[in-house]
Amino acid sequence: MKSLKELEAIRDRMRQTVATRENDQNAVRVVVGMATCGISAGARPVLNTLVEEIARENVAGVQVTQTGCIGICQYEPVVEVFEPDGGKTTYVKMTPEKAIRVVHQHLMQGKPVEEYTIGALTK
């Protein structure tokens, strides 16, 4: 991004994307930890990639939000996926490339990417 105008265009596009997903009670919720530790570890590009890839692939029923500290700073950037049935998958040490795979495999096909989860990391 090279100008304020380009940043404003991205902001407007993201606002529209988020607004269309805000009120869906049956949506899958994707939450990105955006506290200081997450941001310094690279959470912002992960969040942007998730939002952009979901919009590009026109994935329905997914709400992307951000939160503060999730409490596992050593594993940042952290992304949590909350299913409507109450299930939760916690992805750790995320990158934009990993986020694309999560969108395609988990959010589009319903198959969590096990090797990116906290469970795989702590085995």
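**Exercise 1. Work out how helices α3 and α4 are arranged.**

*Solution.* Start with the axes: those of helix α3 (residues 43–56) and helix α4 (residues 96–107) come within 8 Å and cross at roughly 40°. Here axes are lines fitted to C-alpha atoms, for helices over the stretch in contact, and angles run from 0 to 180 degrees between N-to-C directions. Helices (H or I, at least four residues) and strands (E, at least two) are DSSP runs, numbered from the N terminus.

A word on the model: it is predicted, so local features need pLDDT of at least 70 and side-chain atom pairs count only at pLDDT 80 or more, while totals for chains, interfaces and linings use all residues. Residues are numbered from 1 along each chain as its sequence is written, and side-chain values use heavy atoms, leaving out hydrogens and water.

Next, classify the angle. Under 35 degrees counts as roughly parallel, over 145 as roughly antiparallel, 65 to 115 as roughly perpendicular and the rest as oblique; α3 and α4 are therefore oblique to each other.

**Exercise 2. Which residues of α3 and α4 meet?**

*Solution.* Look for contact (heavy atoms within 4.5 Å). From α3 come P45, V46, T49, L50, E53, I54 and R56, and from α4 come P96, A99, I100, V103, H104 and L107.

**Exercise 3. Which residues of α4 are buried, and what covers them?**

*Solution.* Buried means under 20% relative accessible area, exposed over 50%, and partly exposed in between (1.4 Å probe, protein chains only). In α4 the buried residues are A99, V102, V103, Q105, H106 and L107. Their cover includes α3 along with the strands β1 (28–33), β2 (62–67), β3 (79–82) and β4 (88–91).

**Exercise 4. Trace the salt bridges around R56.**

*Solution.* The rule asks for a side-chain nitrogen of Lys or Arg within 4 Å of a carboxyl oxygen of Asp or Glu; it gives a count of four salt bridges.

Step one: R56 pairs with E53 at 2.7 Å, N to O. The two are three residues apart in helix α3, about one helical turn. R56 is exposed at 57% relative accessible area, whereas E53 is buried at 8%.

Step two: R56 also forms a salt bridge with E57, with the closest N and O atoms 3.2 Å apart. E57 is partly exposed, at 26%.

**Exercise 5. Where do E115 and R101 lie in the chain?**

*Solution.* E115 and R101 form a salt bridge, their closest N and O atoms being 2.5 Å apart. E115 sits in the loop between α4 and α5 (118–121) and R101 in helix α4, 14 residues apart, linking distant parts of the chain. E115 is partly exposed at 48%, and R101 is partly exposed at 31%.
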